[in-house]
Amino acid sequence: MERLAYRINKAGSINNLKLVKEDLPNPADEEVTIQVKAIGLNFADIFAIQGLYSATPKESFVPGLEYSGIIFKNGKGVTKFEVGEKVMGAIRFGAYTNYLNINKNYIQRLPKDWSFEDGAAFTVQSLTAYYSLIELADIKNNSTVLIHSAAGGVGIYANRIAKKFNAYTIGTVGSDNKTALLKKEGYDQVIVRDDNFAKNLTESLKGKNLDIVLECIGGKIFSESFKQLSAGGRIIVYGAAQYSTGSSRPNYLKVIQKYLTRPKIDPLSLSDKNKSIMGFNLIYLWDKIELMQNILEDLLKMNLPKPLIGEVYQFTDLLAAVKKFQSGETVGKVIVKV
């Protein structure tokens, strides 16, 4: 069958994304063909498109990690899902399209009261927040948690999950216009990341130990977060927003400068200070299908609120959606309807 897809033949610039018509083969025995109804945007998409992501395919590829839609066709070995069922899921690239093939183990049924937009906003953010807080950080009851990029999809879900553990949560944002949202979401304290970040963080802690940091900013923000992390505390690094320059093509001079001046931690100091730094990249959960399924089942059992949808674009405006998302001006999840 024929499909429409945003394909990039050479990573390096958002402007290299082109909408093309191409053939899609029939699903393999354990695969399903999904008619995509909504696509969720993620920063990993930007880094892959610009060639700054280590997992980026070397050849021509269709970006996109997250989608929702309808089962259009089943492979011979698929009995769990029926044609016409509404589903959501993650894919290791390939979501920027109106039809895709995916192994049956990587999809979940869409909850009955959820829209396709809700489904396309759930999987990547919730998995990242859950794995960071529960699997890696080992969050305990009444923990104190600092969440950077708190108004984004991961930040919103991280706070919601942390509140299930009665956590004291501090969210950081890049501008004042996002603080009201975080208050509404139940953050205990909100910090705008400015030159007074260190002082504001100290005041926000109110003498509490800083147990967990979800880190995706880097630079001085990482350094100060590590400095104020308490003994026994853990920093979970799940992103690297400092390398995004907000333009279609990376500013390699700035990227290299930031890379060379990035914070460096002496491993010996970790044992001396009794602090931990752990890294997490969702794409590497791809080979752990059973773990991913178990986490998603646990997440749905938590009965968390529906995803917070920020802006919604049409499929023909996908490039504009990507550029707006890249600007850092959005809150919640940016969705593309197909």
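At 31% relative accessibility, phenylalanine 43 is partly exposed, a class lying between buried (under 20% relative accessible area) and exposed (over 50%), computed with a 1.4 Å probe on protein chains only. Phenylalanine 47, at 12%, is buried. Both residues belong to helix α1 (residues 43–49) and stand 4 residues apart, about one turn of the helix. Helices (H or I, at least four residues) and strands (E, at least two) are DSSP runs numbered from the N terminus.

The model is predicted: local features require pLDDT of at least 70, side-chain atom pairs count only at pLDDT 80 or more, and totals for chains, interfaces and linings use all residues. Residues are numbered from 1 along each chain as its sequence is written, and side-chain values use heavy atoms, with hydrogens and water left out.

Across the whole structure, 10 aromatic pairs are found. Tyrosine 6 and phenylalanine 315 form one that is edge-to-face, at 5.1 Å centre to centre with 75 degrees between the planes. Rings of Phe, Tyr and Trp (its six-membered ring) pair if their centres lie within 6.5 Å; planes under 30 degrees apart are stacked, over 60 edge-to-face, and the rest tilted. This pair links distant parts of the chain, 309 residues apart: tyrosine 6 lies in strand β1 (residues 2–7), phenylalanine 315 in the loop between β14 (309–314) and α11 (318–326). Tyrosine 6 is buried at 4%, as is phenylalanine 315 at 9%.

Charged groups also meet rings. The charged end of lysine 208 sits over the ring of tyrosine 168, 4.7 Å from its centre; the criterion is NZ of Lys or CZ of Arg within 6 Å of the ring centre and within 35 degrees of the ring normal. Lysine 275 lies over the face of phenylalanine 226, 4.8 Å from the ring centre.
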